[in-house]
Amino acid sequence: DPLLMAVDHAFPIKGKGTVLTGTVLQGVVSVNDMIELPVLKETKKVKSMQMFHQPVNRAVQGDRLGMLVTQLDAKAIERGIVAAPG
């Protein structure tokens, strides 16, 4: 299944990028994957991810996740969907 993640919060981290937090609804996401923000029609690269304050390289369906992406305005996406490109 292609990645689908429900984003419930987005916040900036100075000098790092924007963290998107939410739950993986389907599929898998890994560090360095490209993700799409359909509402913004933008594609971004996953720089790093954390679960419960521990770094992880991969997340699967049902996981609560924080993912760091760069060059994204946190105000542009407070809630929404992250998907696999395409």
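Let me start with a term: on a 1 Å grid over the protein atoms alone, a pocket is an open set of points where a 1.4 Å probe fits, with protein on both sides within 12 Å along at least five of seven lines, and its lining residues have an atom within 4 Å of a point. Grid points are joined across faces, edges and corners, and a volume is the space filled by probe spheres set on the points.

This is a predicted model, in which local features need pLDDT of at least 70, side-chain atom pairs count only at pLDDT 80 or more, and totals for chains, interfaces and linings use all residues. Residues are numbered from 1 along each chain as its sequence is written, and side-chain values use heavy atoms, with hydrogens and water left out.

The largest pocket holds about 330 Å³ of space. Its lining has 16 residues, and Val19, Thr21, Gln50, Leu65 and Gly66 lie nearest the centre. Two or more lining residues come from each of β1 (4–13), β2 (17–26), β5 (42–51) and β8 (64–69). Strands here are DSSP runs of E, at least two residues long, numbered from the N terminus. β8 gives the largest share of the lining, five residues. By type, the lining has nine nonpolar, five polar and two charged residues. In that count Ala, Val, Leu, Ile, Met, Phe, Trp, Tyr, Cys and Pro are nonpolar, Asp, Glu, Lys and Arg are charged, and the others, Gly among them, are polar.

Thr21 has 15%, so it is buried. Thr21 sits in β2. Leaving aside neighbours within four places in sequence, its contacts (heavy atoms within 4.5 Å) include Met5, Phe11, Leu65 and Gly66.

Next, the core. A nonpolar core is a set of buried Ala, Val, Leu, Ile, Met, Phe, Trp, Tyr and Cys residues joined through side-chain atoms within 4.5 Å. The largest one has 20 residues, and Leu20, Val29, Ile35, Leu65, Met67 and Val82 touch the most other members. At least two residues each come from β1, β2, β4 (34–37), β5 and β8.

Now the pairing. Two strands pair if DSSP finds at least two bridges between them. β1 and β2 are antiparallel, with nine bridges, and Pro12 stands opposite Thr18 in β2. Their hairpin has three residues between the strands, and Gly15 there takes a positive phi near 80°. β1 also runs antiparallel to β9 (residues 80–83), joined by four bridges. Ala6 has Ile81 of β9 as its bridge partner.

Most residues other than glycine have a negative phi. Which way does Asn32 go? Phi of Asn32 is positive, near 80°, and Asn32 lies in the loop between β3 (28–30) and β4. Phe52 also has a positive phi, near 50°. Phe52 is in the loop between β5 and β6 (54–56) and is exposed, at 69%.

Last, Lys44, in β5. Lys44 is buried, at 13% relative accessibility. Its C-alpha is 8.4 Å from that of Asp33, eleven residues away in sequence.

Methods. Buried < 20%, exposed > 50% of the residue type's maximum accessible area, 1.4 Å probe, protein only.
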